[in-house]
Amino acid sequence: MAADYSTETLAYLRREPLFSALTPLTISNLRITKQFNDNKSPVHSLDFTPDGTLCISTSEDESLRLYDCNSGTRRQTLYSKKYGCHLAQFTRDPGCVAYASTKVDDTIRYLSYENNQYVRYFVGHKARVCSLQRAEEGAKGGVVSADQDGWVCVWDLGAQAAVAKVKEGSVAAWDPSGMVVGVAGHRGVGLLDAREMSRGAFRQMPWPQGHSAQPVGLRWVPPLGDLLMVMLSDGRAHLWDTRDGGLRSTLVGVGDTPGGQHMAVTPDGSVVLGGYGDGSVAYWEVERALEEQAEVRAHGVLGGSHAGAVSVCAFNPALMECVTAATSLAFWSV
């Protein structure tokens with residue numbers, strides 16, 4: 001009898017060639033295969049197009065650089081000298097990226113990189129934007145952002161003003177379904193219904209006793225979004241169970257980290273990778289970490305190291321490829 005798979009399961013199985021290859025052994029064999037020394041200052045954010053063909057970086061040198069992931073070549077360089085740039089994100093609109101300003105004001109700029117012209121400004125933040133992420137398919141907004149003062153905003157790509165604004169945390173991220181926004185701030189970790197943001201968090205998960213580090217980034221663990229990874233200023237990361245609100249595990253790094261986007265999750269959610277100040281890239285097997293619970297040290301370190309302190313780590317959603325950044329950019333593959 002043929003198996004009766006749900007739509008979600010079929011979508012997952014269509015990506016099985018990549019998912020089946022993402023074993024801990026394969027991840028441990030990742031090596032630097034391409035390196036770019038384009039930047040004069042540290043890179044602080046990376047993002048991929050959903051199909052994994054392009055990668056974009058932003059740097060303190062006020063550049064946005066696009067790379068072709070298939071050919072391993074630099075495709076385009078843009079500058080935002082007037083406003084600075086941080087946290088660039090591809091959107092559902094082809095040829096466009098949204099990024100946070102670091103100078104003049106805290107506006108989010110919406111740029112067409114194909115003609116290097118601004119499409120729109122998203123105005124509303126009054127403090128530095130700490131996180132920015134595009135909405136998953138099915139979500140009502142275009143991007144979600146959060147600032148240092150704890151304001152979380154959802155933006156429609158066609159409007160200047162936020163469609164929702166609540167004071168819930170300094171970092172925020174959509175879940176894979178596009179129906180829930182995870183947030184983290186001084187009160188702890190919260191889950192918001194993306195359709196009714198004004199009601200506040202429907203689930204609040206307080207920080208464990210003795211907690212003092214600040215949240216610096218969020219990553220939902222795919223493909224189902226049952227786990228939410230909260231990266232902390234001390235280099236650790238909490239794994240929270242979004243179904244019952246429990247803290248399942250804490251990943252402990254191998255050294256200091258200079259950035260809030262230093263950890264990434266593979267597309268199948270099986271492995272977490274993290275970059276550190278000595279240039280090393282460590283990894284954790286998620287299932288093993290959940291079984292071990294408590295504080296879990298890295299299960300391994302990739303061979304070789306990045307030249308410089310790794311401030312950003314990202315994993316391609318469609319290719320067997322990890323990208324790390326310091327002042328230089330490194331592509332890791334098998």
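**Notebook: rings and charges**

I looked up charges over rings first: Lys165 lies over the face of Trp151, 5.2 Å from the ring centre. The rule I used asks for NZ of Lys or CZ of Arg within 6 Å of the ring centre and within 35 degrees of the ring normal. Arg109 lies over the face of Tyr121, at 4.5 Å from the ring centre.

I noted that this is a predicted model, where local features need pLDDT of at least 70, side-chain atom pairs count only at pLDDT 80 or more, and totals for chains, interfaces and linings use all residues. Residues are numbered from 1 along each chain as its sequence is written, and side-chain values use heavy atoms, with hydrogens and water left out.

Next I looked up ring pairs. Rings of Phe, Tyr and Trp (its six-membered ring) pair if their centres lie within 6.5 Å; planes under 30 degrees apart are stacked, over 60 edge-to-face, the rest tilted. I got ten aromatic pairs by this rule. The planes of Phe36 and Phe331 stand at 70 degrees, with ring centres 5.8 Å apart, so this pair is edge-to-face. Phe36 is in strand β1 (residues 31-36) and Phe331 in strand β29 (residues 329-333), 295 residues apart. Strands here are DSSP runs (E, at least two residues), numbered from the N terminus.

Then I checked burial. Buried means under 20% relative accessible area, exposed over 50%, partly exposed in between (1.4 Å probe, protein chains only). Phe36 is buried at 9%, and Phe331 is buried at 3%.

I also found a cluster: ring pairs link Phe36, Tyr67 and Phe331.

Note on methods. Helix = DSSP H or I, 4+ residues; strand = E, 2+ residues; numbered from the N terminus.
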